[in-house]
Amino acid sequence: MTDYAEEQRNELEAIESIYPDSFTVLSDDPTSFTITVTSDAGENGETVEATLKFTYVEKYPDEPPLWEIHSQENLEDSDMMDILTLLQQQAEENLGMVMIFTLVTAVQEKLNEIVDMMKNRQEEEKRRKEKEAEEAEKVAFQGTVVTIENFLAWKAGFELEMSELRRKKQKEEEQAGKPKLTGKQLFERDHNLDTSDIQFLEDGGNNVEVDESLFQDIEDLDLVEDDPDFDPLEMGSDED
């Protein structure tokens with residue numbers, strides 16, 4: 001009969017000696033512990049890390065232990081799913097044998113692969129951004145193709161903008177003082193330029209002053225235009 005408790009105690013002691021700085025016992029009944037696994041550093045010093053939590057079941061190692069990712073650093077969701085799938089595969093292949101070291105080693109290799117993949121992801125992201133920048137520059141260089149639809153849309157926006165500018169300008173002029181009227185506005189205001197003199201007389205109270213000294217005394221004038229025999233040439237000859 002297999003002494004599962006004895007096998008579990010022996011493995012636990014071995015694991016503690018292999019991972020002294022990253023091994024932590026969480027409970028004794030059931031036996032539960034964590035092991036923190038860190039990848040090798042990448043070219044730029046980047047690393048990924050996963051803390052695995054294992055719990056022995058009563059018939060371990062004939063039955064697989066329970067496991068979960070207790071915490072992680074720099075891993076994406078897809079990376080964690082890959083790790084859990086890997087643990088499942090390794091546990092099935094190693095049933096009947098103590099397997100914690102094997103599981104942790106497999107995860108260690110997976111984390112190193114992920115770091116290498118991170119480099120590829122960064123390079124792909126860099127190429128994607130460069131391509132987007134090139135496309136944007138190309139579009140900016142070519143400009144926008146003019147169609148009836150976008151021209152009408154531009155025209156409507158332009159007219160609206162100009163109308164707003166005129167409204168603002170008129171408001172500023174009104175605030176600064178009486179606005180300057182155009183010829184048409186003056187004409188419409190007076191209705192008819194011919195009435196301006198009449199308006200002037202009305203404003204003056206119909207009183208027009210005349211300087212009589214500018215005229216000779218009408219009584220001193222010898223008006224002869226009514227004489228049918230009047231001849232201006234004869235008047236000139238008489239004076240001689």
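**Notebook: sheet, core and a nonpolar surface patch**

I began with tryptophan 154 and located it in helix H4, which covers residues 148-176. I note at the outset that the model is a predicted one.

Is tryptophan 154 buried or exposed? I found a relative accessibility of 51%. Exposed means over 50%, so tryptophan 154 counts as exposed.

I then looked up the surface around this residue. Trp154 belongs to a nonpolar surface patch of about 830 Å².

Next I turned to the strands. I recorded an open sheet of four strands, ordered E1-E2-E3-E4, with antiparallel pairing. Strands E1 (23-28) and E4 (66-73) are at the edges; each has a single partner strand, so one side of each lacks a neighbour in the sheet. On average, and with direction ignored, neighbouring strands of this sheet are turned by 20 degrees against each other.

How many bridges join strand E2 to strand E3? I noted seven between E2 (residues 31-38) and E3 (residues 49-55), and the two strands run antiparallel. Isoleucine 35 stands opposite leucine 52 in E3.

The largest nonpolar core has 30 residues. Those with the most contacts inside this core are Phe33, Ile35, Phe54, Leu75, Ile83, Ile100 and Leu111. I listed the elements that give two or more residues to the core: helices H1 (4-18), H2 (77-93) and H3 (100-142), together with strands E2, E3 and E4.

Terms used:
Residues numbered from 1 in each chain as written. Predicted model: local features only at pLDDT ≥ 70, side-chain atom pairs only at ≥ 80, totals over all residues. Heavy atoms only, no water. Patch = residues over 30% accessible without salt bridge, like charges linked within 9 Å, V, L, I, M, F, W, Y side chains within 5 Å. Areas by Shrake-Rupley, 256 points an atom, 1.4 Å probe, with all protein chains shown as cover. Salt bridge = Lys/Arg side-chain N within 4 Å of Asp/Glu carboxyl O. Buried < 20%, exposed > 50% of the residue type's maximum accessible area, 1.4 Å probe, protein only. Pairing = 2+ DSSP bridges. Axes fitted to C-alpha atoms, helices over the stretch in contact; angles between N-to-C directions. Core = buried A, V, L, I, M, F, W, Y, C linked by side-chain atoms within 4.5 Å.
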